[in-house]
Amino acid sequence: MSQVLVLNCGSSSVKWRRYDGERALDHGTVERIGEPGGGGPTDHTEAVQQILDGLDLTGLAAVGHRVVHGGKKFSAPVLVDDAVLAAIRELIPLAPLHNPVNLAGIEVARSALPDVPQVAVFDTAFHHTLPEAVATYAIDREVAERYDIRRYGFHGTSHAYVSRRTAELLGRPYEQINTITLHLGNGASACAVENGRSVATSMGMSPLEGLVMGTRSGDIDPTVIFHLRREGGLSVDDIDDLLNHRSGLLGLTGVNDMREVLERRAAGDQAASLAFEVYCRRITGYVGAYYALLGRVDAITFTAGVGEHAAPVRAAALAGLDRLGISVDDARNDGDGDRVISPDGAEVSVCVIRTDEEREIARQTRDLVGAA
């Protein structure tokens, strides 16, 4: 098999990367899509067409597309046909910001490359191995089934790649290692991976649940929503906007970039110090919960923008867990690249690994098309 092109359509950008086997050839990002006065493409259809027009696609064997939500239907990558497109479209209510732009990318690529296989790789697929007791919310069963309410989980391609890469870094068989992966970026999630299978994850029916994020609140008492509606008079859309776009680090400090939060904290800013503590304590709680769930933890791995670059976050998030065999070596924590940052002989290896969702999408695309 030869080249695979990966298209990763986000809400306002498209990242692309081309691979020849395991080797990355070239890459790029189209940003500020649809932003007034931003100078970018007007929509994702134009953005993807712009990417394809600028590439020599000779020898292209397949295109892999990131699709955020596969619902209960898609538990693995699939070759795209009209039925798959219709199913992804039906799932738009579960991912109204992302599935439409994912569809736009697929449709443009199908039209431009009618003889090239298109593969949909779902962000939720890695979490289809969640036990029912983990995926089920304790609400009326008929209501849950009618409206597809359950824990789906997200960042699946990242958690899959990072947990596998952790096993490689430690020289351990992937099917014999228990890992807690912490994807900490503007969006953030934790995942418990038992012998290569996701058995718990912090994001739920949507990416709002779980850890504190750049603009999302993470875990919150649902009564807050009722209170804001009844006492504050906020509409459902207002509350949705508040919790998804004006909360998290942004809500606590006015900025959603952890680098700026850390700078303000170092300068003595109390709001930044509180936000840092709230952020890290939430991570600590999930690490402890997943440790108990797994029973044995071989590694804890930090990844994504904050996870890979914010040494103070890594140290604070795991502080006080020495009795569980978890600790961070300060000198190693300040290093660079994929590495182990726990002391020699530590019971639990603490790692930092650069995530590569596009490489994971390419791998899954290659495996599927090669087997088709």
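This is a predicted model: local features need pLDDT of at least 70, side-chain atom pairs count only at pLDDT 80 or more; totals for chains, interfaces and linings use all residues.

Me: How many aromatic pairs does the rule give?

Reply: Rings of Phe, Tyr and Trp (its six-membered ring) pair if their centres lie within 6.5 Å; planes under 30 degrees apart are stacked, over 60 edge-to-face, and the rest tilted. The count here is two aromatic pairs. Phe 74 and Phe 122 are stacked, with 4.5 Å from centre to centre and 5 degrees between the planes. This pair links distant parts of the chain, 48 residues apart: Phe 74 is in the loop between strand 4 (60-67) and strand 5 (78-79), and Phe 122 is in strand 6 (residues 118-122). Helices (H or I, at least four residues) and strands (E, at least two) are DSSP runs, numbered from the N terminus.

Me: Why is the pair of Tyr 286 and Tyr 290 edge-to-face?

Reply: Their ring centres are 5.7 Å apart and their planes stand at 75 degrees, so the pair is classed as edge-to-face. Both residues lie in helix 11 (residues 270-294), four residues apart, about one turn of the helix.

Me: Are Phe 74 and Phe 122 buried or exposed?

Reply: Buried means under 20% relative accessible area, exposed over 50%, and partly exposed in between (1.4 Å probe, protein chains only). Phe 74 and Phe 122 are both buried. Tyr 286 is buried at 15%, and Tyr 290 is buried at 7%.

Me: Which charged end sits over the ring of Phe 74?

Reply: A charge sits over a ring if NZ of Lys or CZ of Arg is within 6 Å of the ring centre and within 35 degrees of the ring normal. The charged end of Lys 73 sits over Phe 74, 5.8 Å from the ring centre. Arg 265 lies over the face of Phe 276, at 3.8 Å from the ring centre.

Me: What is the order of the strands in the open sheet?

Reply: Two strands pair if DSSP finds at least two bridges between them. The open sheet of six strands has the order 3-2-1-4-6-5, with mixed pairing. Strand 3 (23-30) and strand 5 stand at the edges, each with a single partner strand, so one side of each lacks a neighbour in the sheet. Strand 5 and strand 6 run antiparallel and are joined by two bridges; Leu 79 has Val 119 in strand 6 as its bridge partner.

Definitions and conventions
Residues are numbered from 1 along each chain as its sequence is written. Side-chain values use heavy atoms; hydrogens and water are left out.
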